Amino acid sequence: MEKTTNFDVIIVGGSSAGLSAGMCLGRALRKVLIIDSGKPCNQQTPHSHNFLTQDGTTPKEILSIAREQLAEYKTVELLADLAVNGIKTDSGFEITTQSGKSFQAKKLVFATGIKDTMPAIEGFAECWGISVIHCPYCHGYEYSNEKTGILANGDVGFETSKLISNWTKNLTLYTNGKSALTAIQTESLQEHGIKIDEKVLKQVVHENGQIEKVMFNDDTEAHLTALYARLGFTQHCAIPEDLGCEMTEQGHIKADMFMKTTIPGVYACGDNITPMRSIANAAYNGSVAGAALNMELINESFS
């Protein structure tokens with residue numbers, strides 16, 4: 001196995017959170033390695049919104065600009081590879097990659113994101129991030145007042161319906177089977193003009209990711225412009241859990257306000273720690289992680 005120089009910090013994941021953490025640490029004169037597999041969860045999303053100065057820019061363009069700016073820092077190295085294993089060592093941590101390389105560092109940052117669990121509905125995955133969407137703050141303005149569906153049930157369906165009704169009143173909640181709403185929830189949605197449909201979806205008919213209609217198991221259909229969905233997910237990287245990082249009930253890596261995990265020396269930032277999924281939020285808590293980690297290194301040097 002190939003051995004390389006030690007780093008102060010290895011950042012696993014080179015999207016918005018990881019690059020933001022890398023810039024903060026690089027500017028703090030820390031020797032940083034960012035390992036990225038090049039598969040961000042928003043790679044299908046055509047435009048990023050609600051990110052000041054970058055509204056309407058594609059996520060790919062934002063990452064391209066970030067990498068160009070980081071390339072100016074001699075303190076930061078970017079590696080296109082996949083981290084597959086991590087262990088605790090006497091001096092810190094060691095990360096092994098898919099290509100067989102091994103790197104050591106005093107500290108780790110995981111900015112590895114999550115993987116959405118796609119339902120077995122034909123055409124759904126092809127529309128994800130385009131017209132099948134998760135966040136009204138990211139996409140709601142573009143689909144305001146349009147005929148919109150929500151794929152959810154129970155409490156999640158009720159709360160999501162309340163939220164999306166701010167952007168459109170032409171709204172149907174598709175429970176994809178028998179409704180799990182309470183009688184009070186059902187009455188509340190109906191009072192606000194939100195329709196409830198218990199039919200099971202079998203297909204999202206689309207053109208290049210843009211919904212034209214949805215088809216149901218009984219061969220009926222409904223024309224929609226957008227469909228909101230709250231999906232389950234898994235962590236994109238298993239290394240934090242392998243190292244012993246505690247997870248939340250929802251499946252996120254547990255981290256405090258400074259992005260510290262429950263394992264000393266290990267930080268996490270981005271979509272892997274929070275349901276608040278946005279580029280702006282990822283960039284923010286990546287920067288916090290970098291600053292907090294640098295302060296930890298400074299304090300250790302004085303102790």
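Tutor: Thr168 has 3% relative accessibility, so it counts as buried. Keep in mind that this is a predicted model.

Student: Why is Thr168 called buried?

Tutor: The cut-off for buried is under 20% relative accessible area. Thr168 has 3%, therefore the label applies.

Student: Where does Thr168 lie?

Tutor: In the loop between helix 5 (154-164) and strand 11 (171-174).

Student: What makes the pairing of the Thr168 side chain with the backbone oxygen of Glu146 a polar contact?

Tutor: The limit is 3.5 Å between N or O atoms, one able to donate a hydrogen and the other to accept it. A polar atom of the Thr168 side chain lies 2.8 Å from that Glu146 oxygen.

Student: Which residues is Thr168 in contact with, leaving aside neighbours within four places in sequence?

Tutor: Asn145, Glu146 and Thr148.

Student: Now strand 2, residues 7-12. Why is it described as largely enclosed by the rest of the structure?

Tutor: Because 6 of its 6 residues are buried.

Student: How do you know that strand 2 pairs with strand 7 and strand 3?

Tutor: Pairing needs at least two bridges. Strand 2 has 5 bridges to strand 7 (residues 101-110) and 4 to strand 3 (residues 32-36). Both counts meet the requirement, so both pairs qualify. Strand 2 runs parallel to strand 7 and parallel to strand 3.

Student: Which residues stand opposite each other?

Tutor: Among them, Phe7 stands opposite Ala105 in strand 7. Val9 has Val32 of strand 3 as its bridge partner.

Student: What do strand 2, helix 1 and strand 3 make?

Tutor: A right-handed β-α-β unit, with helix 1 spanning residues 16-27.

Technical notes: Residues numbered from 1 in each chain as written. Predicted model: local features only at pLDDT ≥ 70, side-chain atom pairs only at ≥ 80, totals over all residues. Heavy atoms only, no water. Buried < 20%, exposed > 50% of the residue type's maximum accessible area, 1.4 Å probe, protein only. Helix = DSSP H or I, 4+ residues; strand = E, 2+ residues; numbered from the N terminus. Right-handed = clockwise from strand over helix to strand, strands pointing away. Contact = heavy atoms within 4.5 Å.
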